[in-house]
Amino acid sequence: MAALIPRPRMQLAPGAVHVPGWLGVEQQRELVVACRGWATGPVPIRHTRLPRGGVMSVQTVCIGWHWQPYRYTRTAGDVNGSRVAPFPDWLAELGRRALVAAYEDPAAGDGYAPDTALVNFYDGRATMGMHQDKDERSGAPVVSLSIGDTCVFRFGNTENRNRPYTDVELASGDLFVFGGPSRFAYHGVPKVFPGTGDPATGLASGRLNLTMRVTGLPG
Ligand code: SIN
Ligand code: MN
């Protein structure tokens, strides 16, 4: 939704940049359609089980490579054993354009070849604890796209899950990139604000977040 008062692009830390409203409504609609397709299969969206018995409150579906705590595989052994959907070229191209926008550098996307994406769906009660994205064997940036309800995104430091951290609101269409010295910063989603999304995106309720990454894995 167009803001009356535009929210400015903001660097939170070196390599960590928030670009509000980067995706237009039409692009968000297309992403919602794509995510709905991936959510149905070949590996259906599910609540990830953690090794110590917990279950994540978000629902997740992966493409390119399947993530389960704490590794990537081509097949989803903890769901239905199927190979995940391929990572499409159009999404990699979107990732390259995201880096150009976030870093305000026409060359920032050169050579960026994301090969996995985690699609997370948050209902009104879902949250995500502070964690690092560290199962990738690559220091290439993580590109995060949000659609639907606004959330509080907590972006911390690379040492531990505690302060100092900065809370930013990620709204529908927002881009967040963390790379460079911020690539392994702790981050999480302590709150989603139900009913704040624009149904024109095709998402009537909840929040979708897609993070693309480079696994650094062969084949
Ligand atoms: C994640 O850290 O994987 C998801 C972040 C988000 O939902 O914004
Ligand atoms: Mn993460």
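Where is Glu104 found?

Guide: The model is predicted, so that local features need a pLDDT of at least 70 and side-chain atom pairs count only at pLDDT 80 or more, while totals for chains, interfaces and linings use all residues. Residues are numbered from 1 along each chain as its sequence is written, chains are lettered from A and ligands numbered from 1 in the order in which they are written, and side-chain values use heavy atoms, with hydrogens and water left out.

Glu104 is found in the loop between α2 (89–103) and β7, where helices (H or I, at least four residues) and strands (E, at least two) are DSSP runs numbered from the N terminus. Glu104 counts as exposed because its relative accessible area is 58%; exposed means over 50%, buried under 20% and partly exposed in between, with a 1.4 Å probe and protein chains only. Its backbone has a phi near 50°, a positive value in a residue other than glycine.

Two other loops hold a cis peptide bond. One such bond runs from Gly41 to Pro42, with omega near 10°, and Pro42 has its place in the loop between α1 (25–40) and β3 (46–49). Another joins Pro69 and Tyr70, with omega about 5°, and Tyr70 sits in the loop between β5 (66–68) and β6.

Strand β6 (residues 71–73) includes Thr73, which is buried because its relative accessible area is 19%. A polar atom of the Thr73 side chain lies 2.7 Å from the backbone oxygen of Thr75, and, leaving aside neighbours within four places in sequence, Thr73 is in contact (heavy atoms within 4.5 Å) with Trp65 and His66.

The largest share, 3 residues, comes from β14. Among the residues that surround ligand 1, each with a heavy atom within 4 Å of it, are Asn120, Tyr122, Met128, His131 and Phe153. An oxygen atom of ligand 1 is 3.0 Å from an N or O atom in the side chain of His187, while for the side chain of Arg207 the corresponding distance is 2.8 Å and for that of Arg213 it is 3.4 Å. The protein covers 97% of the 260 Å² of accessible area that ligand 1 has on its own, an area from the Shrake-Rupley method with a 1.4 Å probe.

Between β13 and β14 runs the loop that holds Pro199, a residue that counts as exposed because its relative accessibility is 56%. Pro199 and Arg29 are 170 residues apart in sequence and 9.7 Å apart in space, C-alpha to C-alpha.

The last stop is His18, in strand β2 (residues 16–19), which counts as buried because its relative accessibility is 6%. Its side chain makes a polar contact of 2.9 Å with the side chain of Asp174; such a contact is a pair of N or O atoms within 3.5 Å, and within protein one must be able to donate a hydrogen and the other to accept it, with residues adjacent in sequence counting only if both atoms are side-chain atoms. Not counting residues up to four places away in sequence, His18 touches several residues, including Arg7, Met10, Val168, Leu170 and Phe176.
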